[in-house]
Amino acid sequence: MVARWALAAALIATPAALPAQDTDAQDPYIWLEEIKGEKAIAQVDEWNAATEAKLTAAPEYPIAKACAKQILDDDRQIAMPTAIYGDKVTNLWRDAANPRGVWRIASLASYTAGTPEWKTLIDVDKLGRDENQSWVWHGANCLAPDYARCLVSISPGGTDADVVREFDIGTGRFVDGGFTLPAAKSNVAWFDKDTLFVGTDEGAGSMTDSGYPRLVKLWKRGTPFASARQIAAGEQADVSISGLSVLDGDTRWQFVNRSPTFWTNKWSLVSDGGRLVPLPLPEDAEFETVLGGQLIAKLNSPLAAAGAGSGSLVAWPLADIRAGRTAKPTVVFRPEASQSVEEVSSSENALWIKVLDDVSGKLLRYDPASTGWTGRAIPLPANSTVQIAQTSGKGDTAFVSVESMLTPPTLYAVTGDAAPVAVASEPPQFDASKFEVVQKFATSKDGTKVPYYLARPKGATGPLPTLIHAYGGFRNAQTPKYLTEEPYRSGPLGLFWLEEGNAYVLANIRGGGEYGPRWHQEALREKRQNSFDDFHAVADDLVAQGLAEKKRIAASGRSNGGVLVGAVANQRPDLYGAIISGSPLIDMRRYNKLLAGASWMDEYGNPDVPADWAYMKAWSPYQNMKPGKDAPVAFYYLSTLDDRVHPGHARKAAAKHEAFGQRFYYHEYKEGGHSVGADHAEDAKRAALLLAFLNREIGSEMAAGSVTD
C-alpha cells in the first residue's frame, strides 16, 4: 500500500442545535426513513458521490480494490459443503466468473478424497440473466432421506424476503407445477414429500409486528395455497412462528415453534392429525437437534430437574412426550466456567459439539449409551477457530474447518475413531511471519476480564494506529478468522491495515456468547452499558500499554455493532478518532417501529415503555450525538434493500453530522440486503473505501488529534 492522503475540508459545515428528540415529532430527519423516497434517495446519492470523490482518489484505493477482488475470487478457496445429502455433497461456488454463485453437487466419496467431481445444479448468474432478475442465493432445503426434491430460496437483490421454488435434483430443473411462493419473509419447511409447513405474507393479520409469519399452515401438493390448513397461530406481538421437520434414523419428527420474544420459544411436537403436544423445554432453551429419539437443547438458565446449569446440553425422550408420559431430562454435556457451547450438530449416531474455551475452539464427539452420554475431544490444532461445516445424515462424518488470524482455513473430515484427515486447505494469501497475534485481557469498569486478540507487525514498538472490531450482542461470539476475512463483511480490510504497519484488534465484549449465557445476559437491556464499558476497557488497555494512542483508534461494528460504535463514539470522543458503522442500528427511540426492529425488544428494551426508555436514552447513539469538532469521524455503509435494519438509521445519523458541521463518510449500496454486498465486487470496493478512510483519518502519517481539523 502507498502513502496516505492529507486531510480534506469538512463535507458540510453548518453547525446547528437540535432538540433532544424524545418524540417522533422532534425528529427533523424522519423523512429519510422513506426507503425509496425521491428526496431521500437524492440525499443518499449526494452523500455517496461526496464519499467516492474523496476516497476513490486515494492512491491506495485502486490497488486495494484489485487485491481484495483477487483474494475474494481466488479459485483456490475451499469448496465448503453447504449440505450433505446421503452419499452426495453440495456447495455454492463463487468466483470471478460466477459472482452470484453456482450451486453444484458431487459424490461424498470424491469430495472426501479431495477430488470432487462437480455437477452444476443452478447457475445463479445465468438464472438472473434469463429471468432479468438480480437473484442472490439464499439456500436450499432438500427432503431426506432420498433428497430428490429441494426447496430453493432466492432473493431479489439480497433482501431477507425470498422467492421459494421446488427443484428436482435428478432432472436439474425447477418442478413444473411444484411448490412455489412469491417474495416474502416466509417460513417454509418440508412436512413430508407431498406437504409443506408454510408461514408467509397473506395480507392483513398474517404477519407479526416484527414482520414475520404469524400462522403455520400445511399445504398439500397439487392444491391451491388458499386451501392450506392452519395448524397453529401466534400472537400479533410475537416475533414469529414456524414449522420444522427432522429425520432421525427412519423416524420423521415434526415440530412447531412459536417465538413470543427473540429469546423465548414455545416448542410443540406435531402428533397425529396435526395435534400439537407441548415440549417440556424451558422457554429460554435453544432447540439444537434430534438424535436417537432424543431432543437435544441448550439451556440458558439452570434446570433443577436435570441438575444442569446454564449453558449445558440436555436431552429429552421424544417417545415419552408423544405418548403423554413424563419425559425425564438427562445431561449430555456441562461446560466449564471458561467454556461456551457454540455449535451442535448430529450425524447418524453421534452428536458433534463445538466449544469455545477462552474463545479458542474445540471439537467434541458425544455418543448416546445406556449408561449415559460418553464423549471425547477430537485432536485438532490448538488456539484456533473451529467451525462445524456439515455432518452426514448417514454414517458419522463431520466436516470441520480450522483457522486462525495467521493460518488459512483447512477443512478436516472426522470419521469414527480415526484421526482427522485434511480434505482441503486454502493457500496462504500473505507472509504470516511478518505479524504476531496475542490474546490479552482488559479489565472493565466493574472488574470483569475482557479477552481480545491483538495483531501487529512483528517487532513493532510503540503505539500504532489501531482498528478495534467488536459486536457485543445476541449471543454471537466473535472468533478470530484468517485475516483476509476480517472484519466481518469487509473482506481483507484487516490484512491490508496490518500490511501498512498498523494494528488490528478483535474484542470479545459482553453481549456475545464467548462465555455462554452469562456473557450475553450481562449486557441485556438495562445492562447494555457493560458492553460499551468493555470496549472502552480494551481501548484504554492498549493505550496504557503504549500500544495505541488516543484519537488514533477506530471502532468498528455492524448491525448491532452500530449501536456499539455509535455509543462509544458519543461517550469517549477523547479516545476514538474514527468509527466504521455497517448496516447499523442507531436510533433506538424508533428502532422498534422500523422493519424487523420490534423483534429485538427483548435484547434492548421497549422505548415506548417509560422505564425502558429511561435507560436506553442514556446510550442510544442517535439521541446522544452532539455538536462539536471532537466527534470521531464516521463511515456508514449499508444497503437500500436492507429489510432487516432500516437504512433510515444511518441516513438520519449522517444528516445530524451534516447539521453539526462534522465530517463523515457515507456509502449506501442499492442492493445486497443486510449483508450489504451482493457479490465480491461490492465487497472488494468496500474494503478499499474503508482502507482509504482509515488511512485518511487515523493513519500513521497523521498527527494525533488532527481528525478534528
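The model is predicted, so local features are taken only at pLDDT of at least 70 and side-chain atom pairs only at pLDDT 80 or more, while totals for chains, interfaces and linings use all residues. Residues are numbered from 1 along each chain as its sequence is written, and side-chain values use heavy atoms, with hydrogens and water left out.

The chain holds 13 helices and 37 strands (DSSP runs numbered from the N terminus, H or I of at least four residues for helices and E of at least two for strands). Along its principal axes, the C-alpha trace spans about 70 × 55 × 55 Å. A compact globule of 709 residues would have a radius of gyration near 27 Å, and the 25 Å of this chain agrees with that (taken over C-alpha atoms, the rule being 2.2 Å times the number of residues to the power 0.38). Of the 709 residues, 61% are buried (buried means under 20% relative accessible area, exposed over 50%, and partly exposed in between, with a 1.4 Å probe and protein chains only). Among contacts with a separation of 6 or more, 59% join residues 24 or more positions apart (a contact means heavy atoms within 4.5 Å).

Inside, the largest nonpolar core has 66 residues (such a core is a set of buried Ala, Val, Leu, Ile, Met, Phe, Trp, Tyr and Cys residues joined through side-chain atoms within 4.5 Å). Those with the most contacts inside this core are I468, F535, V538, L542, Y604 and Y666. Leaving aside residues up to four places away in sequence, L542 touches Y452, L454, T466, I468, V505, L547 and A548. A second, separate core of 44 residues includes A68, A554, A688 and L691.

Helix α1 takes up residues 38-55, and its end C-alpha atoms sit 26 Å apart, in agreement with the 26 Å that its 18 residues should span at 1.5 Å a residue (the expected span being 1.5 Å times one less than the number of residues). Its buried residues are A40, I41, Q43, V44, W47, N48, T51 and L55. Seen down the axis of α1, these fall within an arc of 155°, so they line one face of the helix (the arc is that of the directions from the helix axis to the C-beta atoms). The face of α1 turned away from that side carries the exposed residues E38, K39 and A53. As for partners, the buried residues of α1 pack against α2 (60-72), β36 (633-639), α12 (648-660), β37 (664-669) and α13 (680-698).

Helix α8 (residues 529-544) reaches 22 Å from its first C-alpha to its last. Since 12 of its 16 residues are buried, α8 is largely enclosed by the rest of the structure. Among those buried residues are F535, V538 and L542, which also belong to the residues with the most contacts in the largest core. The neighbours that the buried residues of α8 pack against include β31 (449-457), β33 (503-507) and α9 (560-571). After α8 comes G546, with a positive phi near 75°.

A few backbone spots stand apart. Most residues other than glycine have a negative phi, and most peptide bonds are trans. V359, in the loop between β23 (351-357) and β24 (360-367), has a positive phi near 75° and is buried, with a relative accessible area of 0%. K551, in the loop between α8 and β34, has a positive phi of about 70° and is also buried, at 10%. The peptide bond from A144 to P145 is cis, with omega near 5°; P145 lies in the loop between β5 (135-142) and β6 (149-156).
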